[in-house]
Amino acid sequence: MIELHMPPLPYYLGSGLTEYKSGDQHPHRSNIGAYDLLILVRGEMYIGENGSQWTLTEGDMLLLLPDGEHYPIRPCDQDTVFYWVHFEHAPRRDALVAVAVEVENNTSPYTTRPFINPYTLRLPKYMHLTDSRTVFGMVEQLLTQPSTLSFWQEQQLLGELLSLLEEECFGRTDSVASRLAERTVAYLQANYREKITNEALATALHFHPNYIVRCMKSRYGCTPSDYLQQFRLERAKRLLVTTDWSIDRVAEEVGFRYSPYFSSCFKQEFGSSPLQFRKQYFK
């Protein structure tokens, strides 16, 4: 699974339809600086990346990494047609500053902003598409966009395509687990001000807490308690810059029972105390 933490959003760079004759092969290249999404329409392609190998057939997708080494395993032995979609996912502005901040504080520069709506897009590295015709149609729309006034349409289509791939992956591999994880997130967001334990989750959702934890890790890459704390801290950031409430009141408002513990969690997550964070924006 490949995780893309947002913001920023993936940025569309280009797409195309390529035809290989028997004997042709994918180029050997590395560090192209963009994600390369390959979707096989017909034929077979033999491709490797960083020591792993795949044989792609009709309806298969493979997502190659921007800093990976991509190379052919062997030439195509039949006529092969595939779509490719290139997109970027990295801060475009202040890139050097962002890297320095991440190295020094082990955090993204986006985490210290008061107003963000974070999401982790989780895409399969490789998958056979169950609804390949719909995916083909979406890429065709990207290819047929007019050269003028198409920027927003291209970005929207890329978002819809990646959303479809994520949804198909989780929807068909373990739909019960995926739906339970989404129900868990909805419950946590609706009740984050209250004391929430694994037992309370189990009672509300009618599943064993261990199973709920496994579903959350599979779908969102974190436990319910990790998700809850992150959600509370994000809400706290907003309150710190939109109200003049005391730190104690902010802590209580977002579900922390003890203000010193809230301050400790906040500093560990964002690199500054709640008061220091507020002073960045208040005069």
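Two strands count as paired where DSSP finds at least two bridges between them, and the legends below apply this to a predicted model.

Close-up A. Five strands, arranged in the order 2-9-4-7-11, make up an open sheet in which the pairing is antiparallel. Its edges are formed by strand 2 (11-20) and strand 11 (126-128), each of which pairs on one side only. When direction is ignored, neighbouring strands of this sheet are turned against each other by 15° on average.

**Close-up B. The pairing of strand 4 with strand 7.** Strand 4 (residues 35-42) runs antiparallel to strand 7 (residues 60-64), and four bridges join the two. Within this pairing, Leu37 has Leu63 of strand 7 as its bridge partner.

**Close-up C. The largest nonpolar core.** This core holds 31 residues, of which Tyr227, Leu233, Val254, Phe256, Phe262 and Phe266 touch the most other members. Two or more residues each are given to this core by helix 4 (175-190), helix 5 (198-205), helix 6 (209-220), helix 7 (224-242), helix 8 (247-253) and helix 9 (259-270). Helix 7 supplies the largest share, eight residues. Apart from this core lies another, of 30 residues, which includes Ile2, Ile39, Val41 and Met61.

**Close-up D. The surroundings of Phe262.** Leaving aside residues up to four places away in sequence, Phe262 touches Leu233, Ala236, Ile247, Val250, Ala251, Val254, Phe256 and Pro274. Among these contacts of Phe262, Leu233, Val254 and Phe256 are also listed with the residues that touch the most other members of the largest nonpolar core.

Notes. Residues numbered from 1 in each chain as written. Predicted model: local features only at pLDDT ≥ 70, side-chain atom pairs only at ≥ 80, totals over all residues. Heavy atoms only, no water. Core = buried A, V, L, I, M, F, W, Y, C linked by side-chain atoms within 4.5 Å. Buried < 20%, exposed > 50% of the residue type's maximum accessible area, 1.4 Å probe, protein only. Contact = heavy atoms within 4.5 Å. Axes fitted to C-alpha atoms, helices over the stretch in contact; angles between N-to-C directions.
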